[in-house]
Amino acid sequence: MAETATMDESQAYLAAPEWSSRAAIIANVAAHIVAAGPMLLYRLIVPAIMERYQVSSVEVGYLFSLGAVCTGVCAILVGIFASKMNFRRVCSLAMAIHVVGALICLFAPSFAVFVLGRAISACSDGVLICAANAALARSSKPTRNWTYCAVAVGLFGAIGNAIVGRMLPIYGMDSVFVVVAILGIVVLPSQMFIPNLRPPQSYK
């Protein structure tokens with residue numbers, strides 16, 4: 001009897017309408033685009049970073065390595081504490097921090113400040129990607145939703161590379177961070193639609 005009740009509880013959790021709503025799917029896709037999309041664009045501004053801050057390619061390589069480490073560590077932490085998180089609040093906060101990091105990079109007077117801004121953005125990227133993935137994993141149709149996210153990020157990367165490639169010679173590398181910051185601000189309200197259902201105790 002108890003096993004039947006547990007099964008019904010888990011099935012009800014997985015089939016919750018909130019997970020399959022279009023707004024929730026769009027919010028998750030938007031989180032993936034904001035977190036993963038810009039990573040595909042930053043490689044285009046490596047020469048501009050070297051010229052502005054008078055640093056070597058090795059130092060820029062360390063910058064991107066630091067970003068990867070920050071993203072990975074934060075993603076692991078989210079994975080560890082996912083069952084106790086308020087996904088809606090976490091994603092909204094991470095999105096806001098992402099914008100702050102982009103603005104720091106935009107106005108950075110030195111390479112050290114630029115590295116700080118990139119580290120902040122990278123940490124928020126790790127949180128966003130992992131939290132959005134955890135939300136999708138608990139959805140009623142995770143494979144379909146992950147497919148949407150992968151296609152959206154791929155399209156953003158392809159279109160973004162073409163647009164940024166044309167913008168860089170005219171507006172410089174600042175245009176990349178302006179676009180990233182504006183995108184984060186526009187997408188931020190959508191994170192209020194991130195589902196915040198918690199799995200039943202038996203499902204954790």
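Is Y53 buried or exposed, and what is its relative accessible area? In this predicted model, Y53 is buried, at a relative accessible area of 12%. The cut-off for buried is under 20%, so the label follows.

Start from that ring and look for partners. A pair of aromatic rings is described by the distance of the centres and the angle of the planes. Searching the whole structure gives 4 aromatic pairs. One of them joins Y53 to F111. Their centres lie 6.0 Å apart, with 55 degrees between the planes, and the pair is tilted. Y53 sits in helix 4 (residues 46-53) and F111 in helix 7 (residues 111-137), so this pair ties together parts 58 residues apart in sequence. Both Y53 and F111 are buried.

Y53 also pairs with F114. Here the centres are 5.5 Å apart and the planes stand at 45 degrees, so this pair is tilted. Stacked needs planes under 30 degrees apart and edge-to-face needs over 60, so 45 degrees falls under tilted. Again distant parts of the chain are linked: Y53 belongs to helix 4, F114 to helix 7, and 61 residues separate them. F114 is buried, with a relative accessibility of 1%.

Now widen the view. Y53, F111, F114 and F177 are linked by ring pairs into a cluster.

Turn next to S190. This residue is placed in the segment after helix 9 (174-187). S190 is buried, at 16% relative accessible area. Which residues does S190 touch, leaving aside its neighbours within four places in sequence? S190 is in contact with A27 and A30.

Key. Residues are numbered from 1 along each chain as its sequence is written. This is a predicted model: local features need pLDDT of at least 70, side-chain atom pairs count only at pLDDT 80 or more; totals for chains, interfaces and linings use all residues. Side-chain values use heavy atoms; hydrogens and water are left out. Rings of Phe, Tyr and Trp (its six-membered ring) pair if their centres lie within 6.5 Å; planes under 30 degrees apart count as stacked, over 60 as edge-to-face and the rest as tilted. Helices (H or I, at least four residues) and strands (E, at least two) are DSSP runs, numbered from the N terminus. Buried means under 20% relative accessible area, exposed over 50%, partly exposed in between (1.4 Å probe, protein chains only). Contact means heavy atoms within 4.5 Å.
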